[in-house]
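Colleague: I would like to learn how to read a few features of a model. Please take them one at a time.

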Amino acid sequence: MKTEAFTIRTESKKVKQLDKLAGRLDRSRNYLVNQAIDHLLELNAWQEEKTRTGIQAADERRFVSDVEIGRIFNKYEDAAS
């Protein structure tokens, strides 16, 4: 796989935290930044797919019933108590 260098600017505090983490994990700063980029891209792709799926379901008028929404709402309301 071809790689390409690029530069970012961030707060010194973040760089120090990243370097500490890299040391604890016995990894390079570069490795951790690449992992973070991979996770961000994967998360964004997942969110876009879920959004497309939701829009398609709405276009097809496929919605959750009021009963199911109430069940979900009550589940999380009970958990917050």
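**Salt bridges, a helix and a pocket**

Modeller: Arginine 29 and aspartate 19 form a salt bridge, with 2.8 Å between the closest N and O atoms. This pair links distant parts of the chain: arginine 29 belongs to helix α2 (residues 29-59) and aspartate 19 to helix α1 (residues 12-25), 10 residues apart. Keep in mind that this is a predicted model.

Colleague: How many salt bridges does a search of the whole structure find?

Modeller: The search finds 4 salt bridges. A pair counts when a side-chain nitrogen of Lys or Arg is within 4 Å of a carboxyl oxygen of Asp or Glu. One of them joins the side chains of glutamate 49 and arginine 52, at 3.3 Å from N to O. Another is between arginine 62 and glutamate 60, at 2.7 Å from N to O.

Colleague: Where do glutamate 49 and arginine 52 lie?

Modeller: Both are in helix α2, 3 residues apart, which is about one turn of the helix.

Colleague: How should I read the accessibility of arginine 29 and aspartate 19?

Modeller: Compare the relative accessible area with two cut-offs: under 20% is buried, over 50% is exposed, and partly exposed is in between. Arginine 29 has 41% relative accessibility, so it counts as partly exposed. Aspartate 19 is at 33%, and therefore also counts as partly exposed.

Colleague: And what are the values for glutamate 49, arginine 52 and glutamate 60?

Modeller: Glutamate 49 has a relative accessible area of 40% and is partly exposed. Arginine 52 is partly exposed at 48%, and glutamate 60 is partly exposed at 44%.

Colleague: What span does α2 have, and what would be expected?

Modeller: To read a helix span, set the distance from its first C-alpha to its last against the span expected at 1.5 Å a residue. The 31 residues of α2 reach 45 Å, close to the expected 45 Å.

Colleague: Which residue with a positive phi follows α2?

Modeller: That is arginine 61, with phi near 60°. Arginine 61 has this positive phi although it is not a glycine. Its place is in the loop between α2 and α3 (66-80). Arginine 61 counts as exposed because its relative accessibility is 67%.

Colleague: What is the phi of aspartate 26, and where is its place?

Modeller: Aspartate 26 has a positive phi of about 55°, and it is not a glycine either. Its place is in the loop between α1 and α2. With a relative accessible area of 69%, aspartate 26 is exposed.

Colleague: Which residues lie nearest the centre of the largest pocket?

Modeller: The pocket is lined by 20 residues, and those nearest its centre are Phe6, Asn30, Val33, Asn34 and Ile37. The elements that give two or more residues to this lining are α1 and α2. Helix α2 gives the most, with 8 residues.

Colleague: How do the residues of that lining divide into nonpolar, polar and charged?

Modeller: The lining of the largest pocket has 10 nonpolar residues, 5 polar and 5 charged.

Key:
Residues are numbered from 1 along each chain as its sequence is written. This is a predicted model: local features need pLDDT of at least 70, side-chain atom pairs count only at pLDDT 80 or more; totals for chains, interfaces and linings use all residues. Side-chain values use heavy atoms; hydrogens and water are left out. Helices (H or I, at least four residues) and strands (E, at least two) are DSSP runs, numbered from the N terminus. Buried means under 20% relative accessible area, exposed over 50%, partly exposed in between (1.4 Å probe, protein chains only). The expected span of a helix is 1.5 Å times one less than its number of residues. On a 1 Å grid over the protein atoms alone, a cavity is a set of points where a 1.4 Å probe fits but cannot get out, and a pocket is an open set with protein on both sides within 12 Å along at least five of seven lines; lining residues have an atom within 4 Å of a point. Ala, Val, Leu, Ile, Met, Phe, Trp, Tyr, Cys and Pro count as nonpolar, Asp, Glu, Lys and Arg as charged, and the others, Gly among them, as polar.
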